[in-house]
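Visitor: Hello! I am new to looking at protein structures. Could you show me how to read one, feature by feature?

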Amino acid sequence: MGRPELNRRQLLATAGGLAVAGSFGFAALGTGADALASGADTRVRYWNLFSGGDGANMIAMLDAFRKEHPDIAVKDSTLQWGNPFYTKLAMAAAGNRAPELSVMHMGRVAGFSPGRLLDPWDIDLLAKYGVRQQDYNPALWNRGVIDGKLYALPLDIHVQLCFYRRDVLKKADLLGDDGLMIPVTSTDEWFDVLKKAKKVQKKGLQTIGLWTNDQNFQWWFFVAFYTQLGGEWFNDARTQVLFDADKATQVLEFFRKHVTDGYVIPGAPTGEQFINGAPFTWEGNWSVPVFSGAELDYGATPLPPVFGRQATHAESHSFVLPHQSGRGGATNEAAHELAAYVVTHALQWAAGGHIPAYRPTLSTGAYKKLTPQNEYVSAMNHQATEPKVWFAGSTGVLAQDLGPMVVSSTMGSAKPATVAQRMKKELAKLLVSKNPMDGRTAAQGGAVA
């Protein structure tokens, strides 16, 4: 399964990525080929999955680190996004061929056999280089904690957002005096907004892009709105399914109504339609450079709290230490120093749309000037995340199994209530299944911080 909208993001490598890098004074592009530069005493091998604009921004940050730390040679390798990346990383850790540092989606950490395929972070070393627990949102920090040890150091959160065209919404009288979209607090208010926007939009375009036939986006949207309803997944011991089929049905019916009421054109290219004038699209924050590069008059807000509670889907890129039997010494300390540097210099990363996890960055004047980032930074405080189990996380089993079910309801091939019951049965099956990484169920895996 490939990364959603990967081709569009690759376009940023020469457009948005270079422009963003230059705007913050970083080198535009670099390479890991010169990692063994003369004079370097220590080498850090670093694996990541960042392509397109993200890749350009990461390279710029690494080049800045290299310039400031000539004694540390960074050999960075970019691998294919998704399951191919995680498969290769697992094999490298199991075979004692792992790099000193890697990136991982936070949701995948619980399933990566912490203590066997991942080594814990040295909190004192991180503090030495300026990273402390109190600098983080507590809920985000604790997502990386397994059995009392930190296994994932958050770099960011990346969230699903409601992008809107100011030029269109102004015609529909849907902007406040501050130029932002008017608040929405119920499903009735939301569909009233769509109705008004549709009246003034260009003919031939959809009113909103919802990725109706994409299992990843549909799953991410479901997690957000199910969380808004206060929906639960499992008990704390991970021995019982608490999934609420009635609440799930409400969410699925909400999605389906966008199609039946004619606000969505199933299969239409969401980003392109938005660029061409569609009033709304729900996308990941990584689309910010795309829309800004197109010079649109637009804004972006967390997904509307139509069920009365703020919650928008969030994942997190995090740094991990793949298991090494001889981990320690200068290379291990250099890995800690590199990760801490990137985390504490994340303004570059924020320019690509992501919300920096290191909270001091959020209070800087430079970050507050970033638009539309300053409009959705509040998402840090109401993250809707997948349950902390081995089968969750980006491109994980949970999304692969339940995502297509959500799509079937949204697209109309199955009834919402029927799909909700199927989802509950699948969750029960997954809960007793064993993690192929270590042969343990969710209840046996120590996934609760």
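Guide: Gladly! Keep in mind that this is a predicted model. Let us begin with Ala139, which is found in helix 6, residues 138-143.

Visitor: Is Ala139 buried or exposed?

Guide: The idea is to look at relative accessibility, where a value over 50% counts as exposed. Ala139 has 52% relative accessibility, so this residue counts as exposed. Ala139 and Met380 are 241 residues apart along the chain, and their C-alpha atoms are separated by 9.5 Å.

Visitor: How do I read the length of a helix? What span does helix 13 reach from its first C-alpha to its last?

Guide: You compare the span with the one expected at 1.5 Å a residue. Helix 13 (residues 329-344) has 16 residues and reaches 23 Å, close to the expected 22 Å.

Visitor: Which residues of helix 13 are buried?

Guide: Among them are Asn332, His336, Glu337, Leu338, Ala339, Tyr341 and Val343.

Visitor: How many residues does the largest nonpolar core have?

Guide: A nonpolar core is a set of buried nonpolar residues joined through their side chains. The largest one here has 79 residues, and those with the most contacts inside it include Tyr46, Trp121, Leu153, Phe319 and Leu338. Helix 13 gives the largest share of this core, eight residues. Apart from it lies another core, of 64 residues, with Leu174, Leu175, Leu303 and Leu398 among them.

Visitor: Which residues does Leu153 touch?

Guide: Setting aside residues up to four places away in sequence, Leu153 touches several, including Trp121, Tyr136, Trp141, Phe319, Ala339 and Val343.

Visitor: How do I describe two helices that pack together? What is the angle between helix 18 and helix 19?

Guide: You look at the angle and at the distance between the axes. Helix 18 (residues 397-411) and helix 19 (residues 416-432) pack at about 170°, with axes 9 Å apart. Angles over 145 degrees count as roughly antiparallel, and the two helices are therefore roughly antiparallel to each other. On the side of helix 18, the contact includes Leu398, Leu402 and Met405, while helix 19 brings residues including Val419, Met423 and Leu427. By class, this contact has ten nonpolar, two polar and three charged residues.

Visitor: What about a residue outside a helix? Where is Asn435, and which residues is it in contact with?

Guide: Asn435 sits in the segment after helix 19. Asn435 is buried, with a relative accessible area of 4%. Leaving aside neighbours within four places in sequence, Asn435 is in contact with Gly111, Trp390 and Arg440.

Visitor: Which two residues does a cis peptide bond join?

Guide: For this you read the omega angle. The cis bond joins Thr371 and Pro372, with omega about 5°. Pro372 is in the loop between helix 16 (365-368) and helix 17 (373-376).

Conventions:
Residues are numbered from 1 along each chain as its sequence is written. This is a predicted model: local features need pLDDT of at least 70, side-chain atom pairs count only at pLDDT 80 or more; totals for chains, interfaces and linings use all residues. Side-chain values use heavy atoms; hydrogens and water are left out. Axes are lines fitted to C-alpha atoms, for helices over the stretch in contact, and angles run from 0 to 180 degrees between N-to-C directions. Helices (H or I, at least four residues) and strands (E, at least two) are DSSP runs, numbered from the N terminus. Angles under 35 degrees count as roughly parallel, over 145 as roughly antiparallel, 65 to 115 as roughly perpendicular and the rest as oblique. Contact means heavy atoms within 4.5 Å. Ala, Val, Leu, Ile, Met, Phe, Trp, Tyr, Cys and Pro count as nonpolar, Asp, Glu, Lys and Arg as charged, and the others, Gly among them, as polar. The expected span of a helix is 1.5 Å times one less than its number of residues. Buried means under 20% relative accessible area, exposed over 50%, partly exposed in between (1.4 Å probe, protein chains only). A nonpolar core is a set of buried Ala, Val, Leu, Ile, Met, Phe, Trp, Tyr and Cys residues joined through side-chain atoms within 4.5 Å.
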